[in-house]
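Hi,

Here is the structure I promised to pass on to you. Have it open while you read, and I'll walk you through what turned up.

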Amino acid sequence: MASNQPHIVIGTPGRIYDLVKSGDLAIHKAKTFVVDEADMTLDMGFLETVDKIAGSLPKDLQFMVFSATIPQKLQPFLKKYLSNPVMEKIKTKTVISDTIDNWLISTKGRDKNAQIYELTQAMQPYLAMIFVNTKTRADELHTYLTAQGLKVAKIHGDIAPRERKRIMNQVKNLDFEYIVATDLAARGIDIEGVSHVINDAIPQDLSFFVHRVGRTGRNGLPGTAITLYQPSDDSDIRELEKLGIKFIPKMIKDGEFQDTYDRDRRANREKKQDKLDIEMIGLVKKKKKKVKPGYKKKIQWAVDEKRRKTKRVENRARGRAERKAKRQTF
């Protein structure tokens, strides 16, 4: 390489940085620098190495970053190297594929391990991926399901590369029917034939939800995604729904999946109770007294007008918040 530098270099951050440190790779002559899957680079702990490489690059070059998401922790890196960047966002017709049935099942009052096992008995998967939020949870669930006699693989960051390769070969040979995995470990692997996805819990980073569900329903084939939730997850579910993700509420009864009530049925059924401010309380009290009919109508109009104004203010504030959430700024 000393006498004949390559035109294009493709590699992992660690290996490229080794070549830079040894002087074998003359990156000070580079014209373009590309960071692919930047969010994954951050999550896997490689961003510091990428930062060191970028620090050795000439100032006058094209800097390109590709990322499925732009998490908050990635933004300092982007601000450091990108000045007034051009943002290109690939639009999709739907957030998740139309071929996916997206189900929501409550875990309230249930043992989650037993409930997931019940799901496996009601499903007939070709291959199912069960996503968990932590390595500890992956170990726990893998041990439980294996003890129930299921063929289960496990993939997370603490699995050695050689062992992971062996597991993936077994997956391709259909030695397993279920794979318990963390988000980061699964992002780097391509697994074909996933008929079902189970979310053991809603991901801590909501952007991972689409990545998880997108493992099934590929190439026009049908798929089923099942998300387990508890009442404390309601705000996260609402955020996902704001993105256009629709859930179908389900339950398991007599070993079969059945439709159930929407989780918001009570809130939708009950009449909304508006809190009255001091001014309106005074108007209402006056209305209850014996007054002339004409004055009574004026009080009614004032109460109604006050409510209309409050509703308009709330709608404008909600609209501003939604527009702000759609913007992506560094």
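Predicted model: local features only at pLDDT ≥ 70, side-chain atom pairs only at ≥ 80, totals over all residues.

The side chain of Lys 154 makes a polar contact with the side chain of Asp 139, at 2.9 Å. Leaving out residues up to four places away in sequence, Lys 154 touches Ala 138, Asp 139, His 142, Ile 159, Ile 167 and Val 180. One of those, Val 180, sits in β6 and stands opposite Lys 154.

Now zoom out to the strands. β5 and β6 (residues 178–182) run parallel and are joined by four bridges. As a bit of background, strands of a sheet pair through backbone hydrogen bonds, and they can do this parallel or antiparallel.

So where does β5 stand in the whole sheet, at an edge or in the middle? The sheet is an open one of eight strands, in the order β5-β6-β4-β7-β8-β3-β9-β10, and its pairing is mixed. β5 (152–155) and β10 (256–259) stand at the edges; each has a single partner strand, so one side of each has no neighbour in the sheet. From one strand to the next, the twist averages 30°.

Helix α6 (residues 135–147) lies across β4 (128–132), β5 and β6, and it runs at about 170° to β5. Helix α7 (residues 161–172) lies across β5 and β6, running at about 145° to β5.

Next, have a look at the second largest pocket, which holds about 1,100 Å³ of space. Which residues come closest to its centre? They are Val 9, Ile 10, Gly 11, Ile 16 and Val 34, out of the 31 residues that line this pocket. By type, the lining of the second largest pocket divides into 19 nonpolar, eight polar and four charged residues. At least two lining residues come from each of α1 (13–22), β1 (32–35), α2 (38–43) and α3 (47–55). The largest share, four residues, is supplied by β1.

Setting aside its neighbours within four places in sequence, Thr 49 is in contact with Pro 13, Gly 14 and Tyr 17. Thr 49 and Ile 16 are 33 residues apart along the chain, and their C-alpha atoms are separated by 9.3 Å.

Cheers

Technical notes
Residues numbered from 1 in each chain as written. Heavy atoms only, no water. Pairing = 2+ DSSP bridges. Axes fitted to C-alpha atoms, helices over the stretch in contact; angles between N-to-C directions. Contact = heavy atoms within 4.5 Å. 1 Å grid on protein atoms, 1.4 Å probe; cavity = no way out; pocket = protein on both sides within 12 Å on 5 of 7 lines; lining within 4 Å. Points joined across faces, edges and corners; volume = space filled by probe spheres on them. Nonpolar A, V, L, I, M, F, W, Y, C, P; charged D, E, K, R; others polar. Polar contact = N/O pair within 3.5 Å; in protein donor to acceptor, adjacent residues only side chain to side chain.
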